[in-house]
Amino acid sequence: AQERLPLPTDGPRTSARKWPLICPAPALCGGSLVQQENCYTQAMRPAYILIFFVLHRLHRLVCYRRGRQMRLHLKSSGLMAFLVQPYVMFHLVFLCYLCHCLISYRSMMTEYNWLDASTFEHRGARLVRTVQSRYYGSPHRLQQPNHLFKGLRYMCILSPVSVVLTYAVTLLQVWRHHLPRRRGFDEQLRWYPSHSHDLAMQVVAMPEVYGVLALDSVVVMMQLMTGQAFSTIAAPGHAAHVTARRVQHMSMMTYHCNMEVADLYEAWALRHFGRLCLMRIGRRIRREVPLLQRMIRRDRLELVPGSETELEVLENPEACLFKPLEATTGMGLKVFVYTYGIKSIYILVLTILSGEPFFIDLQKVFPAVGSLVPCVQGAAFLASTIAIYNLVVLEHSFKHLLKTAGFWPILKFWGVKALVSITFIQRLVMDIVMSKLLNYTDEQIELCYACAVCLQVLPLSLLTAWAWRPSSGDWYGDDKDPAELCVSIPRGRLANEDDWVNYHQPSNGPQYMDAKTLPRQQSYLAHQW
C-alpha cells in the first residue's frame with residue numbers, strides 16, 4: 001500500500017526557505033520504530049528546553065526566599081545548600097545537554113572519518129540527494145548537497161571545541177561571583193547570591209546557552225548531510241523516499257526551533273542588563289534625594305502672595321522623574337521578551353504538531369497559520385529594535401552616572417548586543433552570497449551558520465567575562481543596605497528582593513535586632529503583582 005501512495009507534490013521549492021510545507025501522513029512513515037522515536041525525540045528537544053526555562057523560573061521564585069534560604073543553610077550541609085540553588089541546576093542541565101551533543105558528535109566523527117565527504121557515499125546519502133533533487137526542482141540548483149565545501153569541514157570539527165571552552169569560561173565566571181567569602185552582609189547565606197550578582201550570572205550564561213543550542217543544530221544538520229539520520233530507514237523504494245522527506249523536514253524544523261529558543265534567552269539576558277542599568281540610576285537618585293531635600297528646606301524662599309512657587313517634582317524626584325523613566329524603558333524590554341516568547345512557542349507548536357504522533361500540518365490545513373510566521377518574525381525584530389534603542393538612549397543619557405564604581409556599561413552592552421548584531425548580519429550575508437550567488441543548498445547554508453555561531457560564542461564569552469568580572473569594592477557591593485538598620489546582622493538586597501527599604505529614614509543610632517524583627521522585603525513576584 002505504501003508503494004502506491006503518491007509522493008508529495010514535487011516542484012520548485014517555496015519562497016519561504018525556512019519553513020518547507022512538507023508533512024507526510026502516518027502511513028508514509030516507512031521507518032523502524034527506532035527511527036520514529038529518534039525523530040520524535042529530536043523534534044521535542046527545543047520544547048523540553050523551553051519547558052525547562054519555565055521550570056527554572058518557578059524554581060527561582062520558590063527557592064529565592066530569605067527564610068527558606070536561612071533554613072537551608074542552617075539545617076543542611078553546605079554542599080546540599082549549594083546544589084539546590086537554581087543557577088547550579090541550570091548549568092547542570094546544560095552540561096548534560098552538551099554531553100549529549102558531544103556523544104552524537106563523536107559517533108559521526110568515528111563513523112565518517114572526521115567528516116570526510118568521501119565516506120558519505122551510502123544509502124542514506126543517496127536518499128539525501130534524491131530528496132533534495134526533488135525538493136529543489138531543477139538539477140542545476142543542486143550543488144552536491146552532502147559536500148562540505150572548503151573550510152566548512154574544519155568549522156564543523158572546531159565547533160564542539162569552541163562550545164566546550166565557552167562552557168568552561170562561563171562556569172569560571174559564575175564561580176568568580178561567589179569567590180569572595182565575605183561580602184559584608186548576610187554572611188550566613190553563603191550560596192544565596194546578591195541581587196546584582198544574580199542578574200549578572202544570568203547575563204554571562206548567554207554565550208553558554210546560545211553555544212550549546214547552536215551545537216545541537218550543527219549535530220542535526222550533520223546527521224542530515226552525512227545520511228546518518230536516514231540510516232535506520234528500512235522501507236524500500238518509494239516509501240523510503242517519502243520517509244526521508246519527513247526526516248529532512250523534521251530536522252530543519254528542529255534546527256530553527258533551537259535558534260528560536262536561543263534568541264529567547266538572548267532577549268532575557270538583554271532585559272536583565274536593562275534592569276541593572278535602571279537599578280544603578282535609581283540608587284544614585286536615592287543617595288542624592290536627602291541632600292536635595294535638606295537644601296530645599298534650608299533655602300526655600302517665602303511664598304509670594306498670589307504666585308504658585310510650591311515644589312512638586314523636586315520634593316519627590318524618584319516618583320516624579322525616575323519611576324516614569326523606569327516604566328517606559330522596562331516596557332520596551334518586557335515587550336521584547338514577551339514577543340520572543342510568543343514567537344518561540346508558536347513555532348514550537350507548529351513543529352510538534354507536524355511530527356509524531358499528531359502529523360497535523362497546520363500550514364497546509366490552515367494556510368493563514370503559515371502566513372503568520374513572517375508576521376511573528378517581523379514583530380520580534382521590531383520589538384528587539386525598540387528595546388535596543390531604549391537601552392542605547394539610556395546608556396548615552398546616563399553614561400557618566402553609570403560609569404561610577406567600575407560599572408562600564410558600554411562593554412556590558414556590547415557583550416549582550418554583539419551576538420544579536422553578528423547573527424543578524426551574517427544570516428543576511430549568507431542568504432545573499434551563498435544562496436543567491438553560489439547556489440548552495442539550505443543544508444549547507446544552515447550548517448555554515450550554526451558552525452559560525454559556535455565559533456563566535458567563545459570570544460563573546462571572554463568579552464562578557466571581562467565586562468562582568470567582580471572585584472573588591474566595585475558596584476556589586478552596593479547591594480548592602482546603606483541605612484544600616486542593624487549592626488549585629490548586616491543585611492543587603494539578595495536575589496528576587498526589592499531594593500533598599502527605609503533608605504530615606506535616618507538611623508537614630510545602632511539598633512540591635514534579630515532576624516525576626518527585621519523589616520520584611522517583598523519578593524520580586526509580589527512586586528510585579
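Predicted model: local features only at pLDDT ≥ 70, side-chain atom pairs only at ≥ 80, totals over all residues.

Entry 1, a buried lysine. I started at lysine 343, which is buried at a relative accessible area of 7%; buried means under 20% relative accessible area with a 1.4 Å probe, protein chains only, while exposed is over 50% and partly exposed lies in between. Its partner is glutamate 260: the two form a salt bridge, with the closest N and O atoms 3.2 Å apart. I count a salt bridge when a side-chain nitrogen of Lys or Arg is within 4 Å of a carboxyl oxygen of Asp or Glu. Glutamate 260 is buried too, at 6%. I then looked up where the two sit: glutamate 260 is in helix α9 (residues 237-299) and lysine 343 in helix α10 (residues 317-354), 83 residues apart.

Residues are numbered from 1 along each chain as its sequence is written, and side-chain values use heavy atoms, with hydrogens and water left out.

By the same rule I get 8 salt bridges. Arginine 280 pairs with aspartate 478, the closest N and O atoms being 2.4 Å apart. That pair links distant parts of the chain, arginine 280 in helix α9 and aspartate 478 in the loop between α15 (442-467) and α16 (524-528), 198 residues apart. Both ends are buried: arginine 280 at 5%, aspartate 478 at 16%.
Next I checked arginine 427 and glutamate 446, whose side chains meet in a salt bridge at 3.0 Å, N to O. Arginine 427 lies in helix α14 (residues 409-437) and glutamate 446 in helix α15, so the pair ties together parts that are 19 residues apart in sequence. Arginine 427 is buried at 13%, and glutamate 446 is buried at 0%. I also noted a network of salt bridges linking Arg66, Asp186 and Glu497.

I find 16 helices and 0 strands in the protein chain, taken as DSSP runs numbered from the N terminus (helices H or I, at least four residues; strands E, at least two). Buried residues make up 53% of the 529. Of the contacts between residues at least 6 apart in sequence, 82% join residues at least 24 apart; a contact means heavy atoms within 4.5 Å.

Which residues touch the most other members of the largest nonpolar core? They are Phe53, Phe94, Leu447 and Trp468, in a core of 120 residues. α9 gives the most to this core, with 19 residues. The core is a set of buried Ala, Val, Leu, Ile, Met, Phe, Trp, Tyr and Cys residues joined through side-chain atoms within 4.5 Å. Leaving out residues up to four places away in sequence, leucine 447 touches Leu148, Leu152, Cys156, Val218, Met221, Met222 and Met225.

Mean pLDDT (the predictor's confidence in each residue, from 0 to 100) is 75 for the protein chain, and 74% of its residues reach 70 or more. Helix α4 (residues 86-111) is highest at a mean of 93, and α16 lowest at 38. Over residues 1-35 the pLDDT is below 50, yet this stretch has 83 contacts in the model beyond near neighbours in sequence. Residues 134-144 are also below 50, with 35 such contacts.
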